[in-house]
Amino acid sequence: MKHITVLTGAGISAESGISTFRDSNGLWENHEVMDVASPEGWRKDSDLVLNFYNQRRRQLKEVFPNKGHMALVELEKKYKVHVVTQNVDNLHEQAGSSHIVHLHGELNKVRSTLDPSLVYDWTEDLNKGDFCDKGSQLRPHIVWFGEEVPLLEEAAHLTAKAEVVIIIGTSMNVYPAASLVAYAKPEAKIFYIDPNPNISYELAGLKNLEIIKEKGSVGVPRIVADLLS
Ligand code: OAD
């Protein structure tokens, strides 16, 4: 079975009602990104940060996968598919994708501030006084700016072994995620589906790149149908 690795960003969830980042002037749901997605923000005002992610986590109960997420599941009929997502939502899981790597963490998980290996499933609000098994405060399981990306190596490995790489709904602005495509085999076919694609440094030199300037709900089912036919 051929391998397909799919690299998704905020754009694939846009049509499910979750805002993207760079279409909102760098604000994340009206917050400065660094206030809610950095260790400094957490130190400065952890109540704000907890409340912010509590709202995002609550939103997950009201959103559903769209045709883009659903089409990727179909690909598994014929290919070994891995989804590497920058998104912290659970829409690929809801759609039914089998192999998902969350490069930037997950809203439905929390972890210890003392021991990062203590990670817990968490679908309700997280509050001050919610402690890990070692007695320290829990925090959102999100990769904040300036923090290590623990799953980067796995994501690079998955990209390197794919015959086809499909990039969907990402501005290719945030590193190291944007650099993953550089690990693709020179002969790999690369699709980039985005209504407003950004031809980054990594994409510029690729000769097997096909850009599909469409929304995920249109472009993803079309490419999936082609790959299945
Ligand atoms: P961005 O907000 O930077 O980019 C969203 C992309 O989605 C843009 O290229 C849009 O053109 C595209 N887009 C918009 N509507 C779309 C649709 N209907 N279908 C397909 N594409 C659409 O989001 P990311 O590239 O994912 O990090 O941002 C990367 C990271 O920056 C995020 O993971 C987040 C943020 O800060 C963390 O939270 C750590």
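**Figure 1. The largest cavity of the predicted model.** About 90 Å³ of space lies in the largest cavity, a cavity being a set of points, on a 1 Å grid over the protein atoms alone, where a 1.4 Å probe fits but cannot get out. The volume is the space filled by probe spheres set on the points, which are joined across faces, edges and corners. One cavity of 30 Å³ or more is counted. Its lining comprises 14 residues, with L7, Q86, T170, A177 and A178 nearest the centre; lining residues have an atom within 4 Å of a point. The model is predicted: local features need pLDDT of at least 70, side-chain atom pairs count only at pLDDT 80 or more, and totals for chains, interfaces and linings use all residues. Residues are numbered from 1 along each chain as its sequence is written, and side-chain values use heavy atoms, with hydrogens and water left out.

**Figure 2. The shell around the ligand.** The ligand is surrounded by 23 residues (a heavy atom within 4 Å). F21, R22, T170, S171 and D194 are the closest. The shell divides into eight nonpolar, 10 polar and five charged residues, with Gly counted as polar. Domain 1 (1-18 + 65-104 + 149-229) and domain 2 (19-62 + 107-142) each supply at least three residues of this shell; the bounds come from an automatic or database domain assignment.

Figure 3. Polar contacts are pairs of N or O atoms within 3.5 Å. A ligand oxygen atom is 2.7 Å from a side-chain N or O atom of T170.

Note on methods. Polar contact = N/O pair within 3.5 Å; in protein donor to acceptor, adjacent residues only side chain to side chain. 1 Å grid on protein atoms, 1.4 Å probe; cavity = no way out; pocket = protein on both sides within 12 Å on 5 of 7 lines; lining within 4 Å.
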